[in-house]
Amino acid sequence: MTTLGALIVLFHPSAEELAHAVSLRKHCSPVIAIDNSPQPDAQAAAILGAADMPLLHDGNRNGIAGALNRGLAQLFAAGADAVALFDQDSSPPPEYFDVMRDMCDELGAKPFMLGPRIYDDNEKRFLPEIVIDGLLVRRLRLEPGARAQRCSFLISSGCVVSRRAFETLGTFVESLFIDHVDTEYCFRALAHDVPLYVIPQLVLPHRIGNKRRHQLGPFMLTSENHAPARRYYTARNAMYIAMKYGMRFPVAFSPNLWTIWQALQVLLFEADKVTKLRSIFMGVADGLFGQLGPIETARPGLAAWLAQRVRRG
């Protein structure tokens, strides 16, 4: 039977989120938590320590990518054959681990990644499952009763990464820091013929962004309301992925359409327009020329300007 481990990444977790992290120990082993809070979280250390659950403080030094890499390396070294990845606010359904373990047993020692369907709690809808078929992109039609279906993209939360997949694909790109880290990994899997599967019977509720609804004439639209630094990372990493994979997979340019929509959201609905639009523009420029890393090193002038604006309130 597959040894299925679990990794949960924390960032200023609430008591409820820490209780959820502890609950993972009932379902699988080994389990590890990575605290990405800038400073060590005393509450997290006390609660997880009392539950005898390993906690590593990564301090957000290399973003979500660094936390995932450190946790995956530890869990595979501890004997896991595959690892389930979770954000602190993502709660898997009760049958998640049994179903994932059965699928891992079925696929054996092959490289693979598995993921549940994702239900966006903000939008009250499922994220589309996408398949790349040559130059064509289509939405996957989920077959009733199907155990697993090939797809082309998975988000990191709820995703299971096999040992062979991690050995084949290597680590997540830490210089991306945050946003589109999982998108890049999926394109890498496509390039290396590592199969991705969605499990239709599993549904993971997930809250994507701090969305707000707006009425614009007859249309109901949403805005993400991300901070300027987050706008920078999203725009930069989308452009980087397009430049790296676009010649082989034209769909790699599509995340840049989201960048355009982000700019429109800011113009139409959001406050601090100049700061956010400047961050998006600089992100696009840095992605175009491969200038990556945390914003403090990739674009120190912008980081200092944003920090100054925060201090001014």
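Predicted model: local features only at pLDDT ≥ 70, side-chain atom pairs only at ≥ 80, totals over all residues.
Me: OK. How many residues of strand 1 are buried?
Reply: Seven of its seven residues are buried. Strand 1 covers residues 4-10 and is mostly covered.

Me: Which residues sit on which side?
Reply: Leu 4, Ala 6, Ile 8 and Leu 10 are on one side. Gly 5, Leu 7 and Val 9 are on the other. Both faces are covered.

Me: What does strand 1 pair with, and in which sense?
Reply: Strand 1 pairs with strand 4, residues 82-87, in the parallel sense. Six bridges join these two. Val 9 has Asp 87 as its bridge partner in strand 4. Strand 1 also runs parallel to strand 2, residues 31-35, with five bridges between them. There, Leu 7 stands opposite Ile 32.

Me: What handedness does the unit with helix 1 have?
Reply: Right-handed. Strand 1, helix 1 (residues 15-23) and strand 2 make a β-α-β unit.

Me: Switching to packing. Which residues touch the most other members of the largest nonpolar core?
Reply: Leu 7, Leu 72, Val 83, Leu 85, Met 113, Phe 172 and Phe 187. That core has 44 residues.

Me: Take Val 83. What does it touch?
Reply: Leaving out residues up to four places away in sequence, Val 83 touches Leu 4, Gly 5, Ala 6 and Leu 7, among others. Its contacts also include Leu 72, Leu 75 and Phe 76. Cys 159, Val 160 and Val 161 are on the list too.

Me: And the second core, how many residues?
Reply: That separate core has 29 residues. Ile 8, Ala 21, Val 31 and Val 99 are among them.

Me: Back to Phe 172. Where is it?
Reply: Phe 172 is in the loop between helix 5 (163-169) and helix 6. Phe 172 counts as buried because its relative accessible area is 3%, and the cut-off is under 20%.

Me: What does Phe 172 touch?
Reply: Apart from residues up to four places away in sequence, its contacts include Ala 65, Leu 68, Asn 69, Leu 72 and Leu 85. Val 181, Asp 182, Tyr 185 and Arg 188 are also among them. Ala 65 is 107 residues away from Phe 172 in sequence, yet their C-alpha atoms are 5.4 Å apart.

Me: Charges next. How many salt bridges?
Reply: The count comes to nine salt bridges.

Me: What's the N to O distance for Glu 106 and Arg 147?
Reply: It is 2.5 Å for that salt bridge between Glu 106 and Arg 147. The pair links distant parts of the chain, 41 residues apart. Glu 106 is in helix 4 (residues 96-107). Arg 147 is in the loop between strand 8 (136-139) and strand 9 (149-151).

Me: Why is Arg 147 called partly exposed?
Reply: Because its relative accessible area is 38%, which falls between the 20% and 50% cut-offs.

Me: What about Glu 184 and Arg 188, buried or exposed?
Reply: Both are buried. Their side chains form a salt bridge, 2.7 Å from N to O. They lie in helix 6 (residues 181-191), four residues apart, or about one turn of the helix. Glu 184 has a relative accessible area of 0%.

Me: Which Lys forms a salt bridge with Glu 184?
Reply: Lys 244, with the closest N and O atoms 3.4 Å apart. Lys 244 is partly exposed, at 43% relative accessibility.

Me: Which residues are linked in a network of salt bridges?
Reply: Asp 58, Arg 61 and Arg 70.

Me: Arg 101 next. Buried or exposed?
Reply: Buried, because its relative accessibility is 12%. Arg 101 is in helix 4. Not counting residues up to four places away in sequence, Arg 101 touches Met 1, Thr 2, Leu 4, His 27 and Cys 28.

Me: Last one, helix 9. What's its reach?
Reply: Helix 9 (residues 273-288) reaches 23 Å from first C-alpha to last. That is close to the 22 Å expected for its 16 residues. Its buried residues include Lys 276, Ile 280, Met 282 and Asp 286. Just after the helix, Gly 290 takes a positive phi of about 70°.

How values were computed: Residues numbered from 1 in each chain as written. Heavy atoms only, no water. Core = buried A, V, L, I, M, F, W, Y, C linked by side-chain atoms within 4.5 Å. Buried < 20%, exposed > 50% of the residue type's maximum accessible area, 1.4 Å probe, protein only. Contact = heavy atoms within 4.5 Å. Salt bridge = Lys/Arg side-chain N within 4 Å of Asp/Glu carboxyl O. Pairing = 2+ DSSP bridges. Right-handed = clockwise from strand over helix to strand, strands pointing away. Expected span 1.5 Å × (residues − 1).
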